[in-house]
Amino acid sequence: MSEKYGEIPPKFTKDWWSYFWMYYKWHTIGISAAVIAVAGTAVQCAHREKYDLAVTYCAQSYMDPETEEALELELEKYTDDADGNGEVNVMIQQINISNAAGSEEMDYALQVKHDMELSNDYAYLFIYDKTEAEDLIPRESSDSVYADVRDWLPDAGDRAVVNSSAEVPSAVSLSGSAILDSLGIDSEELYAAVRLNYSEEDYNAASQRSAIEAARALAAD
């Protein structure tokens, strides 16, 4: 270690801080980004009860606030009042993983945030771009996470799909989506996936049903 890092200065001295920043800068940035992502998700979870369906949009491209709001309103048409408060509300959470050189630590933190959504209440609809679908869905850790496309979209026809590592079609192409195209969202490289529901809570069952209806609507030409 001494050959790689040189002589380590006494801890917490001026020289030690310079040494620490030189060799552990990216580790520190990565850990900090992960903590921020997790903390942000925790805050959202604390207020998740006001949403009947949480949609995770995981893609390189950013959806502007006006388009995001318009899509939320459109998806409310296919969403039930899962929390029983007399209102129907949809939330879209954007996770923009860049896959750019130098952004590895931040991308990792965002992937952690994505993975947390795979176990959150009301979070049953996932929209991916092709890159993220092909990266995240075939992981062995994602087996038994997503519903089989054939179960909720039996008329998918020859639409492209992304399989899990167990070769189960888990996401379906939204290319040509009438809803997305009408909102100015490029649907060519987007995919939809519905998360399986292992909860015994009625509100989660209702939310997953809404996710299926919304995904079917998005897949329609």
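## The main core

Let's start inside: of the 32 residues in the largest nonpolar core, the ones touching the most other members are Val 55, Leu 71, Leu 75, Leu 125, Trp 152, Leu 174 and Leu 218. A nonpolar core here is a set of buried Ala, Val, Leu, Ile, Met, Phe, Trp, Tyr and Cys residues joined through side-chain atoms within 4.5 Å. Elements giving two or more residues to this core include strand 1 (53-58), helix 3 (65-75), strand 3 (123-129) and helix 8 (202-219). Helix 8 gives the most, with seven residues. Helices (H or I, at least four residues) and strands (E, at least two) are DSSP runs, numbered from the N terminus.

This is a predicted model, with local features needing pLDDT of at least 70 and side-chain atom pairs counting only at pLDDT 80 or more, while totals for chains, interfaces and linings use all residues. Residues are numbered from 1 along each chain as its sequence is written, and side-chain values use heavy atoms, leaving out hydrogens and water.

## Around Val 55, and a second core

Leaving aside residues up to four places away in sequence, Val 55 touches Leu 75, Val 90, Met 91, Ile 92, Gln 93, Leu 125 and Ile 127 (contact means heavy atoms within 4.5 Å). There's also a second, separate core of 16 residues, with Tyr 128, Leu 136, Ile 137 and Tyr 146 among them.

## Two loop residues

Asn 99 sits in the loop between strand 2 and helix 4 (104-117), and its phi is positive, near 60 degrees. Its relative accessibility is 44%, so Asn 99 counts as partly exposed (buried is under 20% relative accessible area, exposed over 50%, partly exposed in between, with a 1.4 Å probe and protein chains only).

Glu 167 lies in the loop between strand 4 (161-163) and strand 5 (169-173), with a positive phi near 65 degrees. Glu 167 counts as exposed because its relative accessibility is 57%.
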